[in-house]
Amino acid sequence: MTILDWIALALLLGGAGFFFAGTIGLLRFPDTLCRLHAMTKADNVGLGLLCLGLALHERTLSGTLTLAFVWVFALAASTLSAFLIAGWAEARSDTGEGS
Amino acid sequence: MLPVFDTMLCLGLLWLGWGIVASTTLFRGVVLFMVFGLLMAVTWVRLSAPDVALAEAVIGAGIAGALLLGACKAMLSDPGTPAEQGGPEPAALPRLPAAALSLLVGAALAWLMVTVRGGGPVPEAVAIALPTHFLHNPVSVILLDLRGYDTLMETVVLLLAFLGARAMMRHSELDPLFTPVATHRHYTMPLITLLTPILLLLALHILWTGGNAPGGAFQAGALLAALGVMYQLTGHLRPSRESGPGVRALLVCGLLVFSLFACLGLTWGDAPLTYPRGAGYVSALVVEIALMLSIGTTLTLLFAAHPGLKPDLRQ
């Protein structure tokens, strides 16, 4: 294994760590907004680290571009759904239905 | 590492399957079903069947999941469900016989899969046809040429399914399932403008590469339907009780073009569903485009649970 492979491994493990922490946060945090916070961090940073690690391991232009697209699309989807869920949760707590 | 991954995949599928059957709420079951579809798609990739994996991901996890979620929401928000009206509760299925029957069918299918070698009944025919065929993807060769009848009949089944659903729509006075929230437009508009060209490009790409690589009309049509679902959820397309001539034409164009092509086979060949010499690729492409449009329209309308759709141009 070259030094790049070791860096890739470290990035992959870091990404897995973010997903692990995000999942624990999703399960344990008390309300919707805190859970969203944990979820989106895991999505954005965790997946970013995974993609970066895989790109370092792959080391081809097309592979790197594909992984970059994967990350950007997941980022867009998670950002938008987080905003929509947060808006829904806020509207619900405003009408006194609890969260 | 891969055997470990495969084992985890199998155990995950079994666990999810149990979770779907045993879930206490409808919503939980539907969400688990969608996750099951995604894991199933990964499983198909591991089994070297990328065509099936694509179809499973877009139809099994995507469109079916959206349909089930819509039905789930309709049942939750509809105060007139039989149980709450005090009407007769649906009889509980006899669980033990049902479980025994499922296990027997599952065991029989597993036995068939294990004993059949070489992945299906027609590998020789494909191996003979493939080197000189105008399509280079064995799955497309089977779907469009060797077993064209099957694909034609599938198109009929899809149209019949929609007609059945439409008959139900006429008799039930369901409100539109989704009332899009206007204030969310500043979130959803960027997504629409970003995803519309990308999804269109992706659908056409999957259709185009279907001749040489995994892909084809079903996957492309389901991607178009995903676009249709997104437009409905964001309020750009609204369900309507009237279906215009355009919608009707889109619904039947797949079957129409395919049947026409099947009959024309008699004029340039000696059997229906044969491809003309030299123009095989073009004919296959025309049929695939028509199929894609029909599949996309059918799935979009099924999600709308209405006979038609009309654009909503208020911004």
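Predicted model: local features only at pLDDT ≥ 70, side-chain atom pairs only at ≥ 80, totals over all residues.
Helix α1(A) passes α2(A) in a left-handed crossing.

**The α1/α2 pair in chain A**
- Helix α1 of chain A covers residues 3–28 and helix α2 of chain A covers residues 32–58, and their axes come within 8 Å.
- Those axes cross at roughly 165°, so α1(A) and α2(A) run roughly antiparallel to each other.
- As for what sits in the contact of α1(A) with α2(A), the residues split into 18 nonpolar, 8 polar and 3 charged.

**Chain B overall**
- Chain B has 12 helices and 2 strands.
- Reading from the N terminus, the order in chain B is α-α-α-α-α-α-α-α-α-α-β-α-α-β.
- Of the 315 residues in chain B, 28% are buried.
- Take the contacts in chain B with a separation of 6 or more: 72% of them link residues 24 or more positions apart.

**Where B meets A**
- On the chain B side, 4 residues are in contact with 5 residues of chain A.
- The side of chain B that touches chain A has 3 nonpolar residues, 1 polar and no charged ones.

**A look at Pro197(B)**
- Pro197(B) lies in helix α9 of chain B, which spans residues 185–209.
- Pro197(B) and Met292(B) are 95 residues apart along the chain, and their C-alpha atoms are separated by 17 Å.

Note on methods
Residues numbered from 1 in each chain as written. Chains lettered and ligands numbered in written order. Helix = DSSP H or I, 4+ residues; strand = E, 2+ residues; numbered from the N terminus. Buried ≥ 20, exposed ≤ 12 C-beta atoms within 10 Å, placed from the backbone. Contact = placed C-beta atoms within 7 Å. Nonpolar A, V, L, I, M, F, W, Y, C, P; charged D, E, K, R; others polar. Axes fitted to C-alpha atoms, helices over the stretch in contact; angles between N-to-C directions. Parallel < 35°, antiparallel > 145°, perpendicular 65-115°, else oblique. Left-handed = near helix turned anticlockwise from the far one by under 90°.
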